[in-house]
Amino acid sequence: MRCATIDIGSNSILLLIAESKTARAIEPLIEKVAITRLGEGLNQCGVLKEAALSRSLTLLEEYAETIRAHGVERKAAVATSAVRSAGNGEAFRAAASALLGVEVEIVSGAREAELSFQGACQGLSSLGKRRALIDIGGGSTEFVCGDAEQIESARSVEIGSVRLFERFIDQDPPSLASLAAMDSAIDEALAPLDGLLHGDLIGVAGTVVTLAMLELALPNFERERLHGLSLSLAEVEKWCRTLASLPDHARRQLPGMVAGRSDVLLCGARILHCAMRRNAQNSLRISVGGLRYGLAAELFREMRAAAAIDSPPAVS
């Protein structure tokens, strides 16, 4: 079985083409991540800007070509915070659907959280029964708790790395006053979630993966080294200090910095630091899975169910 899934986020758009030969295993064949900053300027104008729309639709056209070249049986695409909050989000959804040849689903925050949880836990060993997920995006951050069998709670908070950057970062490097104002907004947004993130903490998406790459000084993404890696609260705090002290041109030169993330990474790192501190979490496990993997798992379940229905009964 082979499927393709696309996650259209506020900062980046991700493609996964994967195979599944057993009920639980998902084997990635192709993974692509590109930063198009779809949600750029959304806080100020309430709509997706023409330049961001053009960048994103051009990339989706490239992804569609890749999908066609790899003979997938099923495909699915979802759009998250930027598209669901933009005044022209539906127009973008329609254009993206036409390019991809499948209806793009604008997911709620709760569904986004659930898909991310399902995908993030894939392939992580030695997890305890209780798991907690933090998924920091460009426009929102999702928090999910549960175990291997079911999700107990899922929350979506409208703070993300791009959203905070556009609201608070006033100069390069940022002023102490802007950082204090941003930290206050993060604290206020996360206060209702105190005590929620207990159990084994898992971090997913660009912020945590980039922080891990910085910690390892990895020049390129290496799935095998990153998936399951532990990142401590002290390490997150160290990178918050380092990133805040440097101008953007210096941040871009740091070994492990992902192109296109140097300006907004500090904002995502401070969300992560605040969430870990408020919930007394001293470390988290990195997952390179996430929403696109959860969506793939959903497609594979549907494909297996359809195959079972279509199969003729065994002759006794």
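Which strands does helix α2 lie across, and at what angle does it run to β2? Helix α2 (residues 50-69) lies across β1, β2 (12-19), β3 and β4, and runs at about 10° to β2. Helices (H or I, at least four residues) and strands (E, at least two) are DSSP runs, numbered from the N terminus. Axes are lines fitted to C-alpha atoms, for helices over the stretch in contact, and angles run from 0 to 180 degrees between N-to-C directions. The model is predicted: local features need pLDDT of at least 70, side-chain atom pairs count only at pLDDT 80 or more, and totals for chains, interfaces and linings use all residues. Residues are numbered from 1 along each chain as its sequence is written, and side-chain values use heavy atoms, with hydrogens and water left out.

The sheet comes next. Five strands form an open sheet with mixed pairing, in the order β3-β2-β1-β4-β5; two strands pair if DSSP finds at least two bridges between them. β3 (27-35) and β5 have a single partner strand each and stand at the edges, so one side of each is left without a neighbour in the sheet. On average, neighbouring strands of this sheet are turned by 15° against each other, direction ignored. Strand β1 (residues 2-8) runs parallel to strand β4 (residues 74-79), and six bridges join them. Along this pair, Thr-5 stands opposite Ala-76 in β4, and Ile-8 has Ala-79 in β4 as its bridge partner. β4 is also parallel to strand β5 (residues 104-106), to which three bridges join it; here Ala-77 has Val-104 in β5 as its bridge partner.

Thr-66 lies in helix α2. Thr-66 counts as buried because its relative accessibility is 16%, where buried means under 20% relative accessible area, exposed over 50% and partly exposed in between (1.4 Å probe, protein chains only). Not counting residues up to four places away in sequence, Thr-66 touches Leu-15, Ile-17, Ile-30 and Lys-32; contact means heavy atoms within 4.5 Å.

The nonpolar cores are sets of buried Ala, Val, Leu, Ile, Met, Phe, Trp, Tyr and Cys residues joined through side-chain atoms within 4.5 Å. The largest has 48 residues, and Phe-143, Leu-211 and Leu-272 have the most contacts inside it. At least two residues of this core come from each of β6 (131-136), β7 (141-146), α6 (161-168), α7 (176-190), α8, α10 (233-245), α12 (265-278) and β11 (283-287). The most, nine residues, come from α12. A second, separate core of 25 residues includes Leu-38, Leu-60, Ile-67 and Ala-77.

Leaving aside neighbours within four places in sequence, Leu-272 is in contact with Ile-134, Ile-136, Val-208, Leu-211, Val-236 and Leu-284. Val-208 and Leu-211 are among the buried residues of α8. Helix α8 (residues 206-216) is mostly covered, with nine of its 11 residues buried. Ala-217 follows α8 and has a positive phi, near 55°.

The packing of α7 on α12 remains. Their axes are 10 Å apart, at an angle of about 45°. That makes α7 oblique to α12, since angles under 35 degrees count as roughly parallel, over 145 as roughly antiparallel, 65 to 115 as roughly perpendicular and the rest as oblique. Residues of α7 including Leu-179, Met-182 and Ile-186 meet residues of α12, among them Leu-266, Ile-271 and Ala-275.
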